[in-house]
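Have the structure open while you read.

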Amino acid sequence: MSLLHGLYFESAAMILVLITLGKILEAHSKGKTTDALQSLMDLSPKTAVVERDGKEMEVPIEAVNIGDIFLLRPGMSVPVDGVVIEGESTLDESMLTGESLPVDKAVDAQVYSATINQNGYLKCRATRVGEDTTLSQIIRTVYEASATKAPIARIADKVSGVFVPVVIEIALITFFIWLISGAEFAYALERGISVLVISCPCALGLATPVSIMVGNGVGAKAGILFKNAEALETAGKTQIVALDKTGTITKGSPEVTDLVPADGVTETELLQIAYSIEKLSAHPLAEAVTAYAEERNTAALPCEDFRNLSGHGLSGEIGGETVYAGSPRFIRSKIKFSEDSERKTNALASTLAGDGKTLMLFAKGGRLLGVIAAADAVKDDSKTAVRELAELGVRTVLITGDNEKTATAIANTVGIEKIYASILPSGKSDIINELKHYGKTAMAGDGINDAPALTAADTGIAIGSGSDIAIDSADVVLVGSKLTDLTAAIRLSRQTLRNIHQNLFWAFIYNIIGIPLAAGLWIPIFGIALNPMFGAAAMSLSSFCVVSNALRLNLFDPHKHKKSHKTAVALPAADENTNSKGEPKTMKTVINVEGMMCPMCEKHVKEAIEKNLNVESVTASHESNKVEIISAEPIDYDKAAAAITDAGYTPKGIEE
């Protein structure tokens with residue numbers, strides 16, 4: 001019996017048992033990586049209450065067609081995507097957007113499959129069913145992303161491809177070295193087999209795909225969709241984020257910001273007249289005034305003979321007097337301003353325009369009532385998102401088609417470092433390509449005009465409420481349309497990449513320690529030998545540990561902000577003498593002037609302005625009664641008006 005002590009007949013059976021047990025644990029762990037997707041799939045209701053032929057009936061979800069009317073009572077899940085046609089309620093959309101607060105829904109509001117009606121009764125028309133619903137698209141996107149390989153996974157694949165033949169060579173070398181050193185054939189074979197058993201590359205192969213799968217699931221639950229594994233990896237490497245303005249930083253619709261009544265007019269009177277005429281218009285600015293007035297329970301007066309007039313204005317009869325509403329230029333064409341009103345209006349226009357606001361003037365009975373200013377309001381979370389990006393070591397850039405004043409006002413409000421204003425869609429992609437020379441660049445936008453830039457960026461990020469073209473062009477979609485989800489996406493990407501690195505480390509360190517031990521390298525020194533049975537156990541547990549480490553990502557909250565120690569990259573240098581496009585800074589001011597009758601008059605006006613103001617050029621036209629001034633700084637209108645008056649002509653205000 002003493003001759004049998006070096007033989008392990010139970011090892012063959014135990015190796016198979018341990019490997020099988022390891023595979024079972026691994027399969028169980030991998031199954032948990034899809035829990036996020038499964039929970040989303042389980043949210044989708046199986047039936048819907050629809051209205052057909054005037055009767056309510058419950059039908060399978062598969063039987064709901066586009067155009068069908070479905071009903072939602074409190075507590076019911078939305079069966080398919082649709083639009084509200086009757087009723088008001090609040091819906092819990094947290095399973096799609098990650099937003100915990102319920103969302104108010106009224107007529108014309110969109111509802112999405114699997115969201116929950118909390119209170120109220122809604123009647124909706126189905127707009128997307130089956131595989132076209134938002135929930136189905138999210139599930140499909142996450143599955144497709146999980147099936148793709150991240151760049152780091154390709155590296156692991158290459159390493160695995162080299163790893164297997166190298167391990168076989170090490171096993172053969174181990175076998176022959178022990179034979180040459182005088183060991184028995186069985187012992188040498190045992191050492192070679194131990195090397196093969198302990199060095200299974202399963203852990204190395206699992207290190208990346210399991211983390212990618214879990215990361216995509218966590219993102220889906222947080223309202224962040226990565227279209228592929230490469231996007232999940234690349235987003236975390238972002239060093240510069242270029243942001244569109246309208247619909248991304250701002251809400252995309254104007255809101256009233258200032259109410260400035262004229263002398264002798266109260267705010268209530270101005271708002272009531274404005275509401276009475278603007279409520280009849282469908283213009284976005286009119287809708288802003290209407291919403292503002294209705295929030296303050298303003299009563300509308302009867303408005304007769306309402307008209308939309310060419311020249312950006314409205315007219316109507318209120319209380320037997322003619323009312324005008326529109327731009328400063330339009331109102332000037334309809335009533336005569338006093339010198340005091342002209343001066344105050346111009347000063348106000350200059351101030352508000354500098355803040356990126358649009359002016360609406362109102363007049364009644366030939367008298368100016370006052371000014372209401374509106375602006376595309378900044379989203380509530382935009383400033384927070386930009387601050388968090390800075391704390392993550394990410395530089396921010398604003399790229400917009402709006403003018404320099406508006407862009408500067410928005411950038412200053414939210415804290416963006418650099419602006420590119422008055423940029424055409426094709427120019428946006430050119431700027432992105434320039435920024436990519438300074439660091440990994442992401443572009444966030446929502447419009448059709450952002451699609452070229454989204455495609456050009458290292459990572460394109462689309463706002464979920466944006467156009468279909470923008471969403472199709474992007475690599476990442478923020479379902480909830482919150483800008484703070486952008487920072488959450490970067491944090492999740494970085495955490496996923498960190499998790500992959502941990503997995504790769506443990507997979508490699510396990511083999512670095514295990515292979516020499518299995519080969520018997522420490523036997524001559526410490527007398528430590530590895531039983532093949534324990535090698536099988538270690539191999540199985542290594543895969544289990546790698547998968548379990550990946551599952552820790554489920555505990556990560558991407559919206560929980562922590563400062564990063566990453567060093568921010570440089571941005572393209574800004575020259576104080578150039579604008580955001582690198583062109584010399586200039587401003588064009590057009591003043592309406594009466595009394596110019598000939599080229600000699602033009603010369604007099606030109607010389608008067610050049611003598612009294614610091615300008616680059618002046619062009620006067622007696623045919624259009626306009627004077628165009630090009631300058632590096634804003635023109636002092638009062639000074640310009642005085643110079644024109646002294647020359648014998650009448651200034652009529654700055655043209656909008």
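**Salt bridges and a nonpolar patch**

Glu-255 and Lys-251 pair up through their side chains in a salt bridge, at 3.2 Å from N to O. Keep in mind that this is a predicted model. Searching the whole structure turns up 20 salt bridges.

**The Glu-255 pair**
- Glu-255 is partly exposed, at 35% relative accessible area.
- Lys-251 also counts as partly exposed, with 39%.

**Arg-73 and Glu-56**
- These two side chains form a salt bridge with an N to O distance of 2.5 Å.
- Arg-73 sits in the loop between β3 (69–72) and β4 (81–86) and Glu-56 in strand β2 (residues 55–60), so the contact ties together parts 17 residues apart in sequence.
- Arg-73 is partly exposed at 33% relative accessible area, and Glu-56 is partly exposed at 45%.

**Around Lys-344**
- Lys-344 makes a salt bridge with Asp-263, and their closest N and O atoms are 2.9 Å apart.
- That pair links distant parts of the chain, 81 residues apart: Lys-344 is in helix α14 (residues 339–354), while Asp-263 is in the loop between β12 (250–261) and α11 (267–278).
- Lys-344 is partly exposed at 39% relative accessibility, whereas Asp-263 is exposed at 57%.
- Asp-340 and Arg-343 join Asp-263 and Lys-344 in a network of salt bridges.

**The nonpolar patch**
- Val-164, Ile-168, Leu-172, Phe-176, Ile-180 and Leu-196 make a nonpolar surface patch of about 580 Å².
- Helix α5 (residues 151–180) supplies the largest share of the patch, 5 residues.
- Leu-172 belongs to helix α5 and is partly exposed, with a relative accessible area of 46%.

Notes. Residues numbered from 1 in each chain as written. Predicted model: local features only at pLDDT ≥ 70, side-chain atom pairs only at ≥ 80, totals over all residues. Heavy atoms only, no water. Patch = residues over 30% accessible without salt bridge, like charges linked within 9 Å, V, L, I, M, F, W, Y side chains within 5 Å. Areas by Shrake-Rupley, 256 points an atom, 1.4 Å probe, with all protein chains shown as cover. Salt bridge = Lys/Arg side-chain N within 4 Å of Asp/Glu carboxyl O. Helix = DSSP H or I, 4+ residues; strand = E, 2+ residues; numbered from the N terminus. Buried < 20%, exposed > 50% of the residue type's maximum accessible area, 1.4 Å probe, protein only.
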